[in-house]
Amino acid sequence: MKDFLLFSGSSNIPLAHEVAKILGVTLGTVDLSRFADGELRPWIQEDVRDKTVFVLESLSHSMDEHIMEIALMGDAIRRSAPKNMIAIIPYMGYARQDKQHRIGEPISARVIAKFLEVSKYKEIIALDLHNDAIVGFFQIPVTHLSAMPILQQEIIKLNLDDPVVVSPDVGGVKRARNLAYQLDVPLVVMEKKRFLDKHDSSEAFQIIGDVKGKSAIIIDDVISTGQTIVHSAQSLTEAGAKKVIVAATHGLFAGSASEDMDTAPIDSLIVTNSVNHEGHPHPKKMHEVSIAACISQAITTIIR
Ligand code: R5P
C-alpha cells in the first residue's frame, strides 16, 4: 500500500474521522486559522513529500468558504512536493448550476471544476454529482461514487408494502429508474414546474403512474429548501399514496426546510452524511446513513 495522508477541511470533520478510522490512520494535522480580517491561512503540519495526499471537503454550508479552504490547502500541499494530490468532495456545491438556464448566468459547476484543477488536484473523488455530465467538466480523472446502494439497503430494511419509486422531477428519472430496477418495483414520475424568476421555489403538478394505496419512495440527489420533496409528498398523499418515504444523498436543509419536512406527510427521511448535519439545522425525522465505507473503498483502490 502506498504511503498516504488524509487531511480534512472544516466542512465535514466527523465524516473525515470516520473514513480515517476505517483506513486505520489519523487525520493529517492542518491549522486552519484566519487573519484578523477573515482571510484564511491554512498551514499543513505534516511532511507530504512523495506521498499520496487526500483532502476531504464537502462544498456545503458555507460553500464559498469551503471552496476557498480546499483551494488554499491544495496550494499549500503541492508546494511541498507530494506524489499525488486527490480531492474528496462528498458534496459538490454549485453542481446544480450545470448549464446556463438563461442568458447572463454562469455555468458554475464548470467553474468549480476548473478551480479544483488550478489548485493542482490531480484526481477527484465525488459522490452523486447532480448530473453525470459534470464529470466531463474536469480534465483530470474523477471517481464518481454513488450512495444509491447504501440508500437502497436502508429502503429494503423498511420492508414496505406495495412500493413504487418516484422521481420528483423529469431530470431525476434515470436515478429513479435505476433504483426501481434494483428494487424490482414500478417507476412513477412527477412533473415539477419550476419558476425561473423565483430561485428555489417549485411546484409538483402532475403524477405519471399509479400511487393509490402504494408506499411511494421519492428518490433525489439533493434536498435544499425541501420544497421539491414537500410538494411531491403532498401531491402523492392527495393522490392516495398510503406512505411516503424520502431518500436523498445530500441533505442541505436550507432555510425552513427542516420544519417544512417535519410537518410534511413524510413517513421516513433517509439522507447520507455527505454534508455534516452536526450543529446544523436538520429535520427531526431525518435518518442519516454513512458513506464513510464507500469513500474509504475509493481511497483504497487508489493507494493499493
Ligand atoms: C433538482 O433538479 C434536484 O434534483 C433537486 O430536486 C432540487 O435541487 C431540490 O431542491 P429543493 O430542495 O430546494 O426543492
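Author: Lys-242 has a relative accessible area of 44%, making it partly exposed (buried is under 20%, exposed over 50%, partly exposed in between, with a 1.4 Å probe and protein chains only). This is a predicted model, where local features need pLDDT of at least 70, side-chain atom pairs count only at pLDDT 80 or more, and totals for chains, interfaces and linings use all residues. Residues are numbered from 1 along each chain as its sequence is written, and side-chain values use heavy atoms, leaving out hydrogens and water.

Reader: Which residue forms a salt bridge with Lys-242?

Author: A salt bridge here needs a side-chain nitrogen of Lys or Arg within 4 Å of a carboxyl oxygen of Asp or Glu. For Lys-242 the closest N and O atoms are 3.2 Å apart, and the partner is Asp-161. The pair links distant parts of the chain, 81 residues apart: Lys-242 sits in the loop between α6 and β12, while the loop between α4 and β8 holds Asp-161.

Reader: How many salt bridges does a search of the whole structure find?

Author: Arg-34 and Glu-65 make one, at 3.9 Å between the closest N and O atoms. That pair too links distant parts of the chain, from strand β2 to helix α2 (helices, H or I, have at least four residues and strands, E, at least two, as DSSP runs numbered from the N terminus). Asp-75 and Arg-79 make another, at 2.6 Å. In the whole structure, the search gives 12.

Reader: What accessible area do Met-68, Phe-115 and Val-118 have together?

Author: Phe-115 lies in helix α3 and is partly exposed at 31%. Patch members need over 30% relative accessible area and no salt bridge, with nonpolar side chains (Val, Leu, Ile, Met, Phe, Trp, Tyr) joined within 5 Å and like charges within 9 Å. Areas come from the Shrake-Rupley method with a 1.4 Å probe, and for residues only the protein chains shown count as cover. The three form a nonpolar surface patch of about 270 Å².

Reader: Which side chain of opposite charge is nearest to Glu-69?

Author: Glu-69 is in helix α2. Beyond neighbours within four places in sequence, its contacts (heavy atoms within 4.5 Å) include Gly-9, Leu-32 and Glu-57. Lys and Arg count as positive, Asp and Glu as negative, with His and the chain ends not counted. Glu-69 is buried yet has no salt bridge, and the nearest opposite charge, 4.6 Å away, is Arg-34.
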